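The sequence and the structure come first.

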Amino acid sequence: MRNSAPEKFKLGLFVVLGTALLVAALYFIGNRQNLFTKNITIYTHFRNVNGLQTGNNVRYSGINIGTVAKTVLLSDTLIRVEMRVGEKLKNVIKKNAVATIGSDGLVGSMIVNIIPAQGTAGFISSHDTIQSYSKIGVNDMLTTLNVTNENAALLTSDLLKITSNINEGKGTLGMLITDTVLASQFKQTLFELRKTSEGASQAMSSLNEMIASVNFSESLAGVLLSDTASGVKMKSIVANLEKSSEKMIQVTDHLNHLLSEIEEGKGTLHYLTQDTTLVQNIDSTMQNIKSGTARFNENMEALKHNFLLRGYFKKLEKEQRKALKKADQN
Amino acid sequence: MNATFKISSKVNLFFTEVGDVTFFAIRFFKQVFTRPFETKEFLRQCYLMGNRSLLLVGVTGFILGLVFTLQSRPTLMEFGAQSWMPSMISISIVREIGPVITALICAGRIGSGIGAELGSMRVTEQIDAMEVSGTNPFKYLVVTRILATTLMLPLLIIFGDAIALVGSAIVENLKGAVSFQLYFNQVFEALAFSDIIPATVKSFFFGFAIGLIGCYKGYNCNKGTVGVGEASNAAVVYTSMLLFVIDFIAVFVSDIFFEI
Amino acid sequence: MKTMIKEEPVLELKNLYKHFGNNKVLNGFNLQLYKGENLVVMGKSGSGKSVMIKCLVGLMQADGGSIRIKGQDITSLGQRELDLLRTEIGFLFQGSALYDSMTVRENLYFPLRRHAHIMGREEEAEKWIREALANVGLEHAIDLMPDELSGGMKRRVALARALILKPKIMLYDEPTTGLDPITAKEIIQLMRAIQKTYGTSSLIITHDVDCARVISNRMILLVDGVNYAEGTFQELTQSSDPKIKAFFK
C-alpha cells in the first residue's frame, strides 16, 4: 500500500548498481593479484630484497605476470621470495630464467623482474626455484670506478703542480733536468697516473662489456638497465668515462716519453731551443689531463645522480660524513 | 566551587547521554531481529535515504574528485610524478576522503532529517498515536531508519567514490592527456583489498552512527517545537563528531589487521 | 462482554501516583468510568490530565496505584496483551497527531495493519477506512495529505482513525483545543453521535467548560493531583467552594 512500484524499481536499481560497483572494484583488484586465475608458485632466493613486499608485482621481461606472495627469511643472509604467477606462463618461463629486484620508476615500489637467460632449458613448473641475480655486483664495480677517479684527480693535481713549476721554472730547464728528486717524483707520479688510468680503463671496459651486451638483451645488467629505461643514458656516461680515461692514458704516455727523453739527455741544446715549446707542450698536456679528469668527474657525478645508483652514493656520502664527524669529535 | 560544580554536572550529563545512547543502541539490536518486521517502511526509508541522497552525493563527489585532482596536480608535477596522480587520488578517495565526506553530507542531510522528523512526530504525539495503534513505534520508526542508513550509506559511499574518480579522471584526461582506460588501469593497479574492505566496513559504522544519533535525538525530543530544531541540530553535530571518532578507530583497527 | 454488570466500571484508576522529580503531578488520583457514560475530567493546564490519560493507555508508567481496564491490570500485561487491549480503546490526541508523511487513507490504515484479525481479511481494509471516514463526513478527503486539511478536518480524520477499530472505550485528550467555537461545536456533536451509534464509554479531558456542559454525564475536577470534586455539571456549578467556582468563571 505504501511503496509505489517505480520507487521499488529505483531502489532496486540503486542497490544493484552499488553492489555491482563494489563487486567490480573487488574483482579488478583481485584480478590484478591473480586471485581468480589459476596460478603456479615459483621461488627464488635473494640476499637482500630491498624492501620487497607481499603484493609487489612480478614482471617477465617487463610484463606484469603476477605478484609476490610471500617473503621468508630463511637464514641471516638468505631470503626466499615466493611468487604467484599465471598458470599460462608455465609454457613461457624456462627453468634457467633469472630473477632480479628492481624498482618501478623514480619513486616506485620494488618489483621482481624475471629475465630469460641464454641457453636451452625446460619450462618451469609449480614450486620450482629459479636463480636470482643481485645488483650488488654493479655497486662494487662502481665503487672501484670511484676510487680510480679520485686517484686520477689527485695525480693530475700533482702533475699540474710540477708543470707549473716547470713553467715558472724560473726559465731554467736545467734545474728540472738536474733535480733528480723532482724528476723521480715526476716519474713516479706519471707511473701512478698510468696505473690509475689503466685501472679506470679496465673498469670501464668491463662496464662497457656489460653495456655492450645490452644490445643483445641477454645479460642481466642489460635488462636491469633497459628495465629502468635509462640504459641509453648510462651507456653514454660509460662511453664518456672510457674516452676520458683513454685520453688520460695517451697523455700519460706522451709525458712519459718526454720525460725519458729529458732523462736520457738527448742533446741539451735541442731542448734549450725547444724549451718554451716543451714547456708549452707539457702545459697543454696538463690542461688536457685536467679537462679529461674534470669530464671524468662530471661523468661520475652524472652516474651518482642516476637514480639506480643514487642510493648507493648517498650511503657512501653518509658514511663519509659520519667518519668526518667522528674525526671532528676526536 | 560553582565552576567545579558546573564542570562535574557537565561531565555527569555527558556520561548520562553516552549511556542513554548505548541503551538506545541495545534496544535497536534487541528489536531488529524480532518479529514483526516493518519491511515496507524499511524499503521506503531505503529509497528516501539512498536514492534521494544520490544526486547530492554524486554532485559533491564529482566536484571533490575534480578539485582534489586540480589541487594536487601542481605539487606532484613539481616532483615530475604526475603519472602517480591516479594512484594517489584513488587511494586517498577510496580510503578516506570519499567515505568521510559522503558520511558528513549524509549526516547533514539524513541525520538532521531523521532528527527533525522524529522530533516533530514526538512533540505532535504521532509516536504516541502509533503506540496506541498497536504498532511498536521504535520498530516502525527507529529500527527501520537505523537499518536503512546502515545499509544505504556504504552504497552511497561506493557511488560517491566512483563518481569522484570519474571527476578526477576527467581532469587528468583534459590536463594530462591521460586516457580513461589508462587512468582506471592505474587506479586498480594502486588499489588493494586492504584499501576497499576497511573503507567499506567503516562505512557501515558511519551509516549506523548517522541513523542512531539522528533517531536518538529525534525520538527523545521533548521541548516542543524548539526541541525539534535542537534535535535536528544536535543530530548533525554529534553525528559529525562521532564520525571522526569512528574513522579514527577504524584506521587504527585496519592498521592492525592489514599492516598498512 | 455485553453481559457485564452495570455496576462494574470498564475503567478504574485507584490511587494513581506520578511524580516528575519534585513535581507531584498525580498524588493518589481515583477514577471510575462506567459503561456508556461520558465522563469529563477538568483541570487547569499542567494539572496532570494528559499525564493521567497517558498512564491509562500505557504511554507512561505510573509511579504507584493500579489501572484496570475491563478488569485487567494493565501494568501487569505483556506487550502483546497490551496491544490487544488497546484495540478496544480509541485515543483522540490533543493535536490530532495525524502522520504527516501519510495520506488520510494511510493514516486510517495504520491501526488496522497490525490487527487484521479484527477486520477479518486484509481486503476489507478499504471498506473499513471508507466507513470510518463516512462517519465523520470526510469521504472525499481520502487521498489528501494531512497538511492539505484544515484544523477541524484534521480533528475529524483523527477521530475517524481513533474509531476505526470500533473501540468500546474512547479517550479524548482536549478534543476542542485549537479549534474555533463553531468547529468545536461540530466536533462535540460528532462525539455525541458516535457515542450513540457505538454505545462507547468516553473519558474526556478538557478545560473547555462549554464542551463539558454539552457532553458530560458526570464530571471530575482534578486539582493538586487528586480528584477534588465529583458530580454532574449542574451539581458542580452550584458548588460554593471557591476552588470549584474558579473552573466555571
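## Salt bridges

Glu82(A) and Lys70(A) form a salt bridge in which the closest N and O atoms are 4.0 Å apart. The model is a predicted one. This pair links distant parts of the chain, with Glu82(A) in strand E4 (residues 78-86) of chain A and Lys70(A) in strand E3 (residues 63-75) of chain A, 12 residues apart. Glu82(A) has a relative accessible area of 14% and is therefore buried, the limit being under 20%. Lys70(A), at 43% relative accessibility, counts as partly exposed.

Over all chains, the structure holds 25 salt bridges. In one, Glu17(B) pairs with Lys217(B), and the closest N and O atoms are 2.5 Å apart. Glu17(B) is partly exposed at a relative accessible area of 28%, while Lys217(B) is buried at 15%.

In the other, Asp195(B) pairs with Arg95(B), again with closest N and O atoms 2.5 Å apart. Here Asp195(B) lies in helix H7 of chain B and Arg95(B) in helix H3 (residues 85-123) of chain B, so parts that are 100 residues apart in sequence are tied together. Asp195(B) is buried, with a relative accessible area of 3%, whereas Arg95(B) is partly exposed, with 25%.

| Glu82(A) | Lys70(A) | 4.0 Å |

The secondary structure of chain B consists of eight helices and zero strands. Along the sequence this gives the pattern α-α-α-α-α-α-α-α. Of the 260 residues in chain B, 51% are buried. Contacts in chain B between residues at least 6 apart in sequence join residues at least 24 apart in 83% of cases. The chain exposes about 12,100 Å², and carbon and sulfur atoms supply 71% of that area.

Helix H1 (residues 2-32) of chain B and helix H7 (residues 193-219) of chain B have axes that come within 10 Å and cross at roughly 110°. The two helices are therefore roughly perpendicular, since angles of 65 to 115 degrees fall in that class. On the H1(B) side, the contact is made by Glu17(B), Asp20(B), Val21(B), Phe24(B), Ala25(B), Arg27(B), Phe28(B) and Phe29(B). On the H7(B) side, Phe208(B), Leu212(B), Ile213(B), Cys215(B), Tyr216(B), Lys217(B) and Tyr219(B) take part. By class, the residues of this contact divide into 11 nonpolar, no polar and four charged.

## Loop residues

Most residues other than glycine have a negative phi. Which phi does Glu125(B) have? Glu125(B) is not a glycine, yet its phi is positive, about 65°. The residue sits in the loop between H3 and helix H4 (126-132) of chain B, and is buried, with a relative accessible area of 8%.

Glu174(C) also has a positive phi, about 50°, although it is not a glycine. Glu174(C) is found in the loop between strand E7 (169-173) and helix H7 (181-198) of chain C. With a relative accessible area of 5%, Glu174(C) is buried.

In chain C, the loop between strand E6 (89-92) and helix H3 (104-109) contains Thr103(C). Is Thr103(C) buried or exposed? Thr103(C) is buried, with a relative accessible area of 16%. Leaving aside residues up to four places away in sequence, Thr103(C) touches Ile142(C), Asp143(C), Leu144(C) and Met145(C).

Conventions:
Residues numbered from 1 in each chain as written. Chains lettered and ligands numbered in written order. Predicted model: local features only at pLDDT ≥ 70, side-chain atom pairs only at ≥ 80, totals over all residues. Heavy atoms only, no water. Axes fitted to C-alpha atoms, helices over the stretch in contact; angles between N-to-C directions. Helix = DSSP H or I, 4+ residues; strand = E, 2+ residues; numbered from the N terminus. Parallel < 35°, antiparallel > 145°, perpendicular 65-115°, else oblique. Contact = heavy atoms within 4.5 Å. Nonpolar A, V, L, I, M, F, W, Y, C, P; charged D, E, K, R; others polar. Salt bridge = Lys/Arg side-chain N within 4 Å of Asp/Glu carboxyl O. Buried < 20%, exposed > 50% of the residue type's maximum accessible area, 1.4 Å probe, protein only. Areas by Shrake-Rupley, 256 points an atom, 1.4 Å probe, with all protein chains shown as cover.
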